[in-house]
Amino acid sequence: MERFLGNIESKIDTKGRAFLPAVFRKILQANSEGMLVLRAHVDEPCLVLYPISVWNKRIDDIKANVNAFDTESEMVFRQFVSEAEMLTLDANGRFLIPKRLLDLAEIKLSVKFLGVSDVIEIWAAEKLEKPFLPKNEFSMKLKALMVPRIKKEQSDE
């Protein structure tokens, strides 16, 4: 499975096109990923770019939890997939971001591409001028995430 890593600033042209950073394009090419899916993040003011294999896995995971006889869960699934856009990169590595998605993420001209494991997030550059969390809070929360796992690994030995 591909893993994206990095924080790369770029520009959007007047037509709403962006160049996918070369480092991310190489990962997609190495994994034979030609199709991409773009949608707004469900919680954060950014966009999420999914390689098609990752998107299909997410859809399968969500659909496995949808009860076909529960109208509300069907509506949640329907909304998740209907707000997505299929994309392909042109020969120059560009893709078009629909205006409605640019508006949702409040993206004007400068963006930051963040490699976040198996997806790429696209943020308005000004939203990422400072870290998500202050350094000391980040450190505490990261330790809290890792300590239970470390303790479990030690008890398994």
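Me: Which residues is Arg 100 in contact with, leaving aside its neighbours within four places in sequence?

Reply: Arg 100 is in contact with Glu 83, Ala 84 and Glu 85. Contact means heavy atoms within 4.5 Å. Note that this is a predicted model: local features need pLDDT of at least 70, side-chain atom pairs count only at pLDDT 80 or more, and totals for chains, interfaces and linings use all residues. Residues are numbered from 1 along each chain as its sequence is written, and side-chain values use heavy atoms, with hydrogens and water left out.

Me: What makes the link between the side chains of Arg 100 and Glu 85 a polar contact?

Reply: The distance is 2.7 Å. A polar contact is a pair of N or O atoms within 3.5 Å; within protein, one must be able to donate a hydrogen and the other to accept it, and residues adjacent in sequence count only if both atoms are side-chain atoms. So the pair Arg 100 and Glu 85 counts.

Me: Why is Arg 100 called partly exposed?

Reply: Its relative accessibility is 37%. Buried means under 20% relative accessible area, exposed over 50%, and partly exposed in between (1.4 Å probe, protein chains only). Therefore Arg 100 is partly exposed.

Me: Why does Phe 138 count as partly exposed?

Reply: Phe 138 has 45% relative accessibility, so the label is partly exposed here too.

Me: Which residues have the most contacts inside the largest nonpolar core?

Reply: They are Leu 47, Phe 95, Ile 97, Ile 107 and Phe 113, in a core of 23 residues. A nonpolar core is a set of buried Ala, Val, Leu, Ile, Met, Phe, Trp, Tyr and Cys residues joined through side-chain atoms within 4.5 Å.
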